Amino acid sequence: MKKAVAAKKTSAKDAGGPSPSGMIDGRIKELGDWRGQMLARIRGLIREADPDVVEEWKWRGVPVWEHDGIICTGETYKAVVKLTFARGAALDDPAGLFNSSLDGNVRRAIDIGEGADINEKALKALIRAAVELNASKKKPAKKRPA
């Protein structure tokens, strides 16, 4: 098993409390079952695919991975770990990983059930494609008047 790459820490706005990465660690431990193991595995794959990923903790307890915008979220439910790609409808998915939220105009999701096999190569490619899409939509910095 590959060693996980440490994600970048978030901004000083969280300096007073636990870091978002620490909160994700806590969620994984708190789950204590296959969902925690799956979330940890997904998190590792995201970090491998994008070593510059930034972990956030939003919406009262949702792990979020960002790079020039949101890449995806990792929500846990009783029967699935849901990986929702913020701009998934704009991504090519040749491996057919998206299996949820298929009717939306913007988002797409992957519901991962207990014992599910993950096509790691395809998931990493999807993550990299999401990063590239975010970077392509990033607004250039405004030039300051001389």
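Let's start with W59, in the loop between β1 (54-58) and β2 (62-66). Phi of W59 is near 50 degrees, a positive value in a residue other than glycine. Most residues other than glycine have a negative phi. W59 is also exposed, with a relative accessible area of 55%. The scale is this: buried is under 20% relative accessible area, exposed is over 50%, and partly exposed is in between, with a 1.4 Å probe and protein chains only.

A word on where this comes from: it's a predicted model, where local features need pLDDT of at least 70 and side-chain atom pairs count only at pLDDT 80 or more, while totals for chains, interfaces and linings use all residues. Residues are numbered from 1 along each chain as its sequence is written, and side-chain values use heavy atoms, with hydrogens and water left out.

Now D68, in the loop between β2 and β3. Its phi is positive too, near 60 degrees, and D68 isn't a glycine. With a relative accessible area of 38%, D68 is partly exposed.

Okay, stepping back. What does the secondary structure come to? Three helices and five strands, and along the sequence they go α-α-β-β-β-β-β-α. Of the 146 residues in the protein, 42% are buried. The accessible surface is about 9,000 Å², and 51% of that belongs to carbon and sulfur atoms; that area comes from the Shrake-Rupley method with a 1.4 Å probe.

Next, contacts, meaning heavy atoms within 4.5 Å. Take those between residues at least 6 apart in sequence: 54% of them join residues at least 24 apart.

So which residues touch the most other members of the largest nonpolar core? They're L83, F85, I110 and L123, out of 29 residues in that core. Helices α1 (20-31), α2 (34-49) and α3 (120-137) each supply at least two of its residues, and so does each of the strands β3 (70-76), β4 (80-85) and β5 (108-113). By nonpolar core I mean a set of buried Ala, Val, Leu, Ile, Met, Phe, Trp, Tyr and Cys residues joined through side-chain atoms within 4.5 Å. If you look up L83, leaving aside neighbours within four places in sequence, its contacts include I42, I46, W65, I110 and L123.

On to the helices. The axes of α2 and α3 come within 9 Å and cross at roughly 55 degrees. On α2, the contact is made by R41, I42, L45, I46, E48 and A49; on α3, by E120, L123, K124, I127 and R128. Axes are lines fitted to C-alpha atoms, for helices over the stretch in contact, with angles from 0 to 180 degrees between N-to-C directions. The two helices are therefore oblique to each other: under 35 degrees would count as roughly parallel, over 145 as roughly antiparallel, 65 to 115 as roughly perpendicular, and the rest as oblique.

Last stop, two strand residues. V80 is in β4, and E75 is in β3. Buried or partly exposed? V80 is buried at 19% relative accessible area, while E75 counts as partly exposed at 23%. Beyond neighbours within four places, V80 touches W34, E75, D111, I112 and G113. For E75, that list is V62, V80, V81, K82 and T84. E75 and D111 sit 36 residues apart in sequence, with 9.6 Å between their C-alpha atoms.

Terms used:
Helix = DSSP H or I, 4+ residues; strand = E, 2+ residues; numbered from the N terminus.
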